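Hi,

Here is the structure I promised to pass on.

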Amino acid sequence: MTLTNNPPAAKPTLTQRGSSALGDRVFSWWTLGTGLLVLAILGLILITTVREAWPAFDAMGLRFITERVWDPNPATGDAIFGALSFAYGTAVSSLIALLFAVPVSVGIALFLTELAPRRLRGPAVTVIDLLAAVPSVVFGLWGILVVAPALVPIYQWMHDVFGGIPLLGRLFGPVGSGRNFMTAGLILAIMVTPIITSITREVFSTVPRADKDAALALGATRWEMIRGAVFPHSFGGVVGAVMLGLGRAMGETIAVALVIGGATNITANLFAPGNSMAAVIVQQFGESTGTFTAALIGLGVVLFAMTVLINVLAQVVVRRAEARMKGSVA
Amino acid sequence: MTLTAPPAARPAAGGPDLTRAALSGRRRFTNHLATAAIWVAVLLAVIPLALVTYTVLAKGGGVMSLSFLNEDIPNSYRREGGGMGPAIVGTLLITGMAALMAIPLGVFGAIYLNEYGKQRPLARVIRLMSDVMTGVPSIVMGLFIYISWVLLVGEQTGFAGALALACLMLPVVIRSSEEMLRLVPDELRQASMALGARKWKTTLTVVLPAAISGITSGSLLAVARAAGETAPIIIVTGIVFSPNWNLFDGSNTALPAQIFRNASQPFPAAQDRAWGAALTLIVIVLGFTIIARFISSRFAIKER
């Protein structure tokens, strides 16, 4: 019989065989590998920087974060590396930045989602995109050569007016060059506004149409609708956005390095020069050796730990808020 | 006649007054105040942008010339003249090399997240961690590359700068590419599978081409951001005053680093060079941004 002479036919298969199956496996492993790269890099950052910073941590112990003196080249005795002044500078400049950036960002986000006529929406988004596109060093250059000198008379005026008030007046102390905590905070505010705005706007746009219409139908004005329908719905997301902005502000290096003044200083006076952790690293890294380098890398470790912590928290908050909102859409 | 409808009742005829006029003064005032505050917020964002743009154009335009783009950087900040040639070469080479490394890796990472990992725990961790990684300060990335590359090879090179920029770009490319892959309709994947194509072939020849315009524009935005990064460049690439075309041998420099160094000098000549460099950098960054926007608006998959 002719039929039996045929070689036993392989089961028909509709997918390509042979090397292709191997290709599938190789490809999936390769993509997994690139995905894992992210985790690998983050892990490596932690391990290598901690190891390299160890001499400084070892020499200073817990004083590395509680000591306010930073003296790499003392006339006598051992070098002292205390990060407290710089942590203070980072905190103060970031908080000033948020103080200005958050209301403005929320305002712009409301403008984009609730207020803007259609033909203004595009240009407004473009402004935010462009603000985000300007490199931070350009803001720094503008800050040190234009903004800081221009603000000195204003700072002087504020010092004259508010300086005499007890307690509160200490914030508005004597004015120096215009390179100080306040200027750094203002420049930072410009730089974190785009990121807070874009996330806040996304959060606002997930507020259900029905909630807003219901508020308006009950006779609410636009502002009452925003307060009653938009804000309660998006509180979590906005908190997340603010935290992301905080993380960005704390890590910003170059602009702050240019405008904060470069002094190791803890003072309530917002018009006094100071320094931030990121700025110190970039200013002093070139001339450092040995334990000094280790101490600067140690600042990097502290900065890394703090920004990762804040970012993880912020992402979790934003994700949770988004999930809740998607669940509640009618 | 009884059938004719009564004339349309005005609110005054009994029902509650629902017109704007009935709002109490306080409520109307608050509403106006809030509206005004929102407009002020928008203005507050426009002002710095306008001021920065104006200053950079005015001061940078003053020193801009062909020789500025070409000539070597004077090795004394005090000296007049010279240009930013080496920094432009450095910026383009370093950023280009970083893009060559980060974009392919990032796209494959995105393919893992969207085509393989989906909602698995590992994929969710990677997704969260890439978002976290976009928040890692660039100075920390600079320190990381300094320790793990510069100390290893023993010298500061342009390639080290490219590595640092690549690390900064990677998570941005991953997340934006993933968004774009998610927009590719599942029907395309199913059609390709039904024709007998393996998953890797489907992904590379059907899914990726469908999303390529979005991926390109997202990647270009990442490149634009990276081109403006300063801190890692200062830490890991050192400084040169004449062009170095070799990324693997000897120090290099880039526009942001030059802006930073010149901005903190008291000499007018240095400050002029900083403004010129800033203008050049902004033109490069905006160039990338505009191309990216154009591609995404012209070729994007329509969101469904």
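Below is what turned up, starting with how to read the model.

This is a predicted model, in which local features need pLDDT of at least 70 and side-chain atom pairs count only at pLDDT 80 or more, while totals for chains, interfaces and linings use all residues. Residues are numbered from 1 along each chain as its sequence is written, and chains are lettered from A and ligands numbered from 1 in the order in which they are written.

Let's begin where the chains meet. Chain B puts 70 residues into the contact and chain A puts in 73 (two residues are in contact if their C-beta atoms, placed from the backbone, lie within 7 Å). On the chain B side, helix α1 (residues 25–63) gives the most, with 17 residues; helices here are DSSP runs of H or I, at least four residues, numbered from the N terminus. That side of chain B has 50 nonpolar, 16 polar and 4 charged residues (Ala, Val, Leu, Ile, Met, Phe, Trp, Tyr, Cys and Pro count as nonpolar, Asp, Glu, Lys and Arg as charged, and the others, Gly among them, as polar).

Next, have a look at helix α6 (residues 158–183) of chain B. Its 26 residues reach 37 Å from first C-alpha to last, close to the 38 Å expected at 1.5 Å a residue (that is, 1.5 Å times one less than the number of residues). Because 23 of the 26 residues are buried, α6(B) is largely enclosed by the rest of the structure. Buried means that 20 or more other C-beta atoms, placed from the backbone, lie within 10 Å of a residue's own.

There is a kink of about 30 degrees in α6(B) at B:M169, shortly before the proline B:P171 (the bend is the angle between axes fitted to the seven residues ending there and the seven starting there). Leaving aside neighbours within four places in sequence, B:M169 is in contact with B:A98, B:A102, B:A222, B:V223 and B:A226.

Finally, the records. An unreviewed UniProt entry lists "domain: ABC transmembrane type-1" at residues 88–292 of chain B (annotations may be inferred rather than shown by experiment; positions follow the numbering used here, and feature names are shortened). That stretch is 80% helix and 0% strand in the model. UniProt (unreviewed entry) also gives chain B "transmembrane region" annotations, including residues 36–57, and the chain is 100% helix there.

Cheers

Key
Helix = DSSP H or I, 4+ residues; strand = E, 2+ residues; numbered from the N terminus. Buried ≥ 20, exposed ≤ 12 C-beta atoms within 10 Å, placed from the backbone.
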